[in-house]
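Subject: Structure for you to look at

Hello,

Here is the structure I said I would pass on. Please open it beside this message and keep the sequence at hand.

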Amino acid sequence: MTNNHFLDKIGSAMSDTFQKKSAEMTKIFTPLSREERYHLLMEMGQRLPPFPESCKTPDRIVQGCQSTLYLHAFLSEGKLFFEAYSDALISAGLAALLIAVYSGETPETILTCPPTFLSELGIAASLSPNRSNGLAELHLRMKQEALQALSSKV
């Protein structure tokens, strides 16, 4: 199957749940100062569910992150779910933020809906270059997991 066939198949429609979750994150983060945003991100990172030790494998490490960040994805009933762990609270918080929006979405949605809410909130712009790179790599990894899930359905 060619890449063009994949692109034709997934289309460009944004799911309602993705829009609602993005809007909710925007509503939560918009009134906060930069310092308050960082604090909330760290809290979100602390609240990530426990990550199974069996999933802390080299193939699940997100490359390009300043700290060690593990990402595990699994498909259930046509939707992709993510779990993450990082030893750094900001990285864990950034993962939690993307997970809050992308987890439970179809692979098609993950592939076609960029996290524009991050730039709207100024989160990406307020990160150091290393953290910004790590955030981009995390999103890329989620899209790779979505593509893999989609190609396994074919």
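Predicted model: local features only at pLDDT ≥ 70, side-chain atom pairs only at ≥ 80, totals over all residues.

Residues are numbered from 1 along each chain as its sequence is written, and side-chain values use heavy atoms, with hydrogens and water left out.

Start with the core. A nonpolar core is a set of buried Ala, Val, Leu, Ile, Met, Phe, Trp, Tyr and Cys residues joined through side-chain atoms within 4.5 Å; buried means under 20% relative accessible area, exposed over 50%, and partly exposed in between (1.4 Å probe, protein chains only). The largest nonpolar core has 37 residues, and those touching the most other members are Phe29, Phe82, Leu97, Leu98, Phe117 and Met142. Two or more residues each come from H2, H3, E1, strand E2 (79-86), H4, helix H6 (116-121) and helix H7 (129-153). Helices (H or I, at least four residues) and strands (E, at least two) are DSSP runs, numbered from the N terminus. H4 gives the most to this core, 10 residues.

Next, a helix pair. Helix H3 (residues 34-46) packs against helix H4 (residues 89-102) at about 80°, with the axes 7 Å apart. Axes are lines fitted to C-alpha atoms, for helices over the stretch in contact, and angles run from 0 to 180 degrees between N-to-C directions. H3 is therefore roughly perpendicular to H4 (65 to 115 degrees; under 35 is roughly parallel, over 145 roughly antiparallel, the rest oblique). Contact means heavy atoms within 4.5 Å. Among the residues making it are Tyr38 and Leu41 of H3 and Leu89 and Ile90 of H4.

Now some single residues. Phenylalanine 117 touches Ser22, Met25, Thr26, Leu97, Leu98 and Val101, leaving out residues up to four places away in sequence. Phenylalanine 51 lies in the loop between H3 and strand E1 (69-76) and is buried, at 9% relative accessible area. Beyond neighbours within four places in sequence, phenylalanine 51 contacts Lys56, Tyr70, His72, Glu83, Ala84 and Tyr85. Isoleucine 28, in helix H2 (residues 16-29), is partly exposed, at 35%.

How many disulfides does the structure hold? There are 0, a disulfide being a pair of cysteine sulfur atoms within 2.5 Å. Cysteine 65 is buried at 18% relative accessibility, and cysteine 113 is buried at 1%.

Regards
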